[in-house]
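Please keep the sequence and the 3D view at hand while reading.

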Amino acid sequence: GASRKEEREVEADRAVPEREERSEPSLIHPPPRRRSYVPPKDLQSCLESHVREVFGPSVPQDWQQTPLQENRLKHRLLARLAAELGHAVPNSQLHRMRRAGDVLGFYRSPVKDSTKIDELAAAELPPNLKIIWQQ
Amino acid sequence: MIRAGAAALRAWSRGRGWAALSTAPPAPPAAPEPRREEPPVPPPVLRSCRVPVVPPLSPVQAWVGSLRHPEDTLRGLADLHPDVFAVTPRLDILHAVATWQRNYKRISHARVRSRAEVRGGGRKPWRQKGSGRARHGSVRSPLWRGGGIAHGPRGPTSYFYMLPMRVRVLGLKVALSVKLMQDELHVVDTLEMPSSDPRYLLELARARRWGRSVLVVDTNEFPENISAAAEGLKSITLIPALGLNVHSLLKHQTLLLTLDAVAFLEQRLLWHDARYSALVPFSLPHRDLPWPPPAG
C-alpha cells in the first residue's frame, strides 16, 4: 500500500521533469546549423569589398588573383566571409583556397538541402530511436 | 565569442537552456551616444608546421576551434604537414593495419580431444574377420559417435604477427588523411570547457554536426571538466596521443585533435620517414630517438 504509493510518487517525480523538458524543446536543444547554402546575388561585390578591406593596399589589379599565402590574412578573410554568409569553408577545402578567385568559386556553388531522411535523422528524436541512413 | 558567467551557467544547468547562456550584455542605462558595438576580437590562433615542408608539397590546413561555446569554431588556422595529413588514401593499408590490430592479440583457446585423448578406446571392439560387422580398431576413432575429432582445433593457438613498423605508421597517416579529407577532423586549441556536464558536450557535438561518436585526442592530461563530462558518455572517448590507433579512428566518426596532439603526431610520424633502419630493436637504449628515454 504505502510502498506502492511511494513508487508512484517517484515515477511521477521522474515524469514531471521529462515533461518540462519536452514542453520547451527549443531552449534546451538548439537546432543544429543548417547545411543548406544559396549564394547571394551580390556575392562578387561583397567578396571584393572584403578582400580589399582585409588586404588593404596590397591587392593586385585583378582582385581575384590576390594570393592567400599569409595565414593571418587568410583566416581574417575567411572568418569574415563565414560570419557574413553563414557558410564556412570546410577543412578539406581549405588547402585549395590559394587565391581570392578560389574562394569566389567555392562560395558560388550552392549546398543542397538534406533529404527528408537526413532532416529526420537530425531532428528531435526520442533517445532510443536511431536512424542510420547511408547514401 | 560569448563568455558565460557563473550565474548563467547555473541557470543553464537548471534547465533554462541556451536562453541563459546567450544573454546579450545588458544595454547601457542612459548613454545614447552611438558607440561601436564591436566586441574585442581575440587574435587568431595560427599554427605552422615545425617540421619543414619540402617545396613541391604545400601544407594542408584546418580551422582551429574551441570547446568554450558551440559557435566558437573559427578561432584560428592551423597548418598541417602534408606527409601526415595528405597522404594517398591507401585503403589496403588501412585494412591490413585494422586486421592486424584485431588479430595480433588473439589467442584462440578452442581445443577438442583427438582419438588419443578421448577416454577409452584402447581395445579392438570385435575380431577382425567373421563377425559380419565393419572392421574397427577402437571405439573412439573419428568415425564413431563419441569418438575423437580428427582435425579439430588443437590447443591455445596464437595469431600473433607483426606488421613492419613503417606499415603501421603509414596506416596512421592514411587514417588521419582520410579523416581530414572527409571533413571529420577538427582541431581545437585546448580542451577547456565551461562546465563538466555531459549534456553540454553532447549538445555541442550535435550543434556542430559531428556525428554519432567523437574521439578526442590530447597529449598528456585532460582538463577536469572534459574528463568528468566524458566519463559517463559512451559516444565520446578521450585517449592520449600515444594511444591513437587505426581501429579507434575508424570506429569513431569524428576526430578532435588539440594543437599539442597535432605537433606530437607530426613529430613522431615524420621521424620514421627519415630514420635509419633499426640494427637493434628500438626497445633497447638509443641515442637519437625522438621520444625521451624511459626512466630507469
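The points below are grouped by topic. The model is predicted. Chain A holds seven helices and zero strands, while seven strands of chain B form an open sheet. Over all chains, the structure contains 13 salt bridges and zero disulfides.

**Chain A**

- The secondary structure of chain A comprises seven helices, with zero strands.
- Along the sequence, the pattern of chain A reads α-α-α-α-α-α-α.
- Chain A has 135 residues, of which 27% are buried.

**The sheet of chain B**

- The open sheet in chain B has seven strands in the order E1-E3-E2-E6-E9-E7-E8, and their pairing is mixed.
- Strands E1 (45–47) and E8 (236–240) of chain B stand at the edges; each has a single partner strand, so one side of each is without a neighbour in the sheet.
- From one strand to the next, the twist averages 30°.
- Five bridges connect strand E2 (residues 60–65) of chain B with strand E3 (residues 76–80) of chain B, and this pairing is antiparallel.
- Within this pairing, Val64(B) is placed opposite Gly76(B) in E3(B).
- E7(B) and E8(B), by contrast, run parallel and are joined by five bridges.
- Leu215(B) has Thr237(B), in E8(B), as its bridge partner.

**Strand E7 of chain B**

- Strand E7 (residues 214–218) of chain B is mostly covered, with five of its five residues buried.
- In a regular strand, side chains alternate between the two faces of the sheet.
- From E7(B), Val214(B), Val216(B) and Asp218(B) point one way, whereas Leu215(B) and Val217(B) point the other way.
- The residues on both sides of E7(B) are all buried.

**Salt bridge within chain A**

- A search of the whole structure gives 13 salt bridges over all chains.
- In chain A, the side chains of Glu53(A) and Arg80(A) form a salt bridge, with an N to O distance of 2.6 Å.
- This pair links distant parts of the chain: Glu53(A) belongs to helix H3 (residues 43–55) of chain A and Arg80(A) to helix H4 (residues 71–85) of chain A, 27 residues apart.
- Glu53(A) is exposed because its relative accessible area is 53%, a value over the 50% cut-off.
- Arg80(A) has a relative accessible area of 31% and is therefore partly exposed.

**Salt bridges within chain B**

- Arg75(B) and Asp189(B) form a salt bridge, and their closest N and O atoms are 3.2 Å apart.
- Arg75(B) lies in the loop between E2 and E3 of chain B, and Asp189(B) lies in the loop between strand E6 (185–188) and helix H6 (198–207) of chain B, so the pair ties together parts 114 residues apart in sequence.
- Arg75(B) is buried, with a relative accessible area of 17%, and Asp189(B) also counts as buried at 15% relative accessibility.
- A further salt bridge joins the side chains of Glu117(B) and Arg154(B), at 2.8 Å from N to O.
- Glu117(B) is in the loop between strand E4 (107–108) and strand E5 (157–158) of chain B, and Arg154(B) is in the loop between E4 and E5 of chain B; the two are 37 residues apart.
- Glu117(B) is partly exposed at a relative accessible area of 30%, as is Arg154(B) at 40%.
- Salt bridges with shared partners connect Arg68(B), Asp72(B), Arg75(B), Asp189(B) and Glu192(B) into one network.

**Cysteines**

- The count of disulfides over all chains is zero.
- Cys46(A) is buried because its relative accessibility is 10%, under the cut-off of 20%.
- Cys49(B) likewise counts as buried, at 17% relative accessibility.

**A nonpolar surface patch on chain B**

- Leu279(B), Val280(B) and Leu284(B) make up a nonpolar surface patch of about 320 Å².
- Leu284(B) is located in the segment after helix H9 (259–271) of chain B.
- The relative accessibility of Leu284(B) is 41%, so this residue counts as partly exposed.

Methods: Residues numbered from 1 in each chain as written. Chains lettered and ligands numbered in written order. Predicted model: local features only at pLDDT ≥ 70, side-chain atom pairs only at ≥ 80, totals over all residues. Heavy atoms only, no water. Pairing = 2+ DSSP bridges. Helix = DSSP H or I, 4+ residues; strand = E, 2+ residues; numbered from the N terminus. Axes fitted to C-alpha atoms, helices over the stretch in contact; angles between N-to-C directions. Patch = residues over 30% accessible without salt bridge, like charges linked within 9 Å, V, L, I, M, F, W, Y side chains within 5 Å. Areas by Shrake-Rupley, 256 points an atom, 1.4 Å probe, with all protein chains shown as cover. Salt bridge = Lys/Arg side-chain N within 4 Å of Asp/Glu carboxyl O. Buried < 20%, exposed > 50% of the residue type's maximum accessible area, 1.4 Å probe, protein only. Disulfide = S-S within 2.5 Å.
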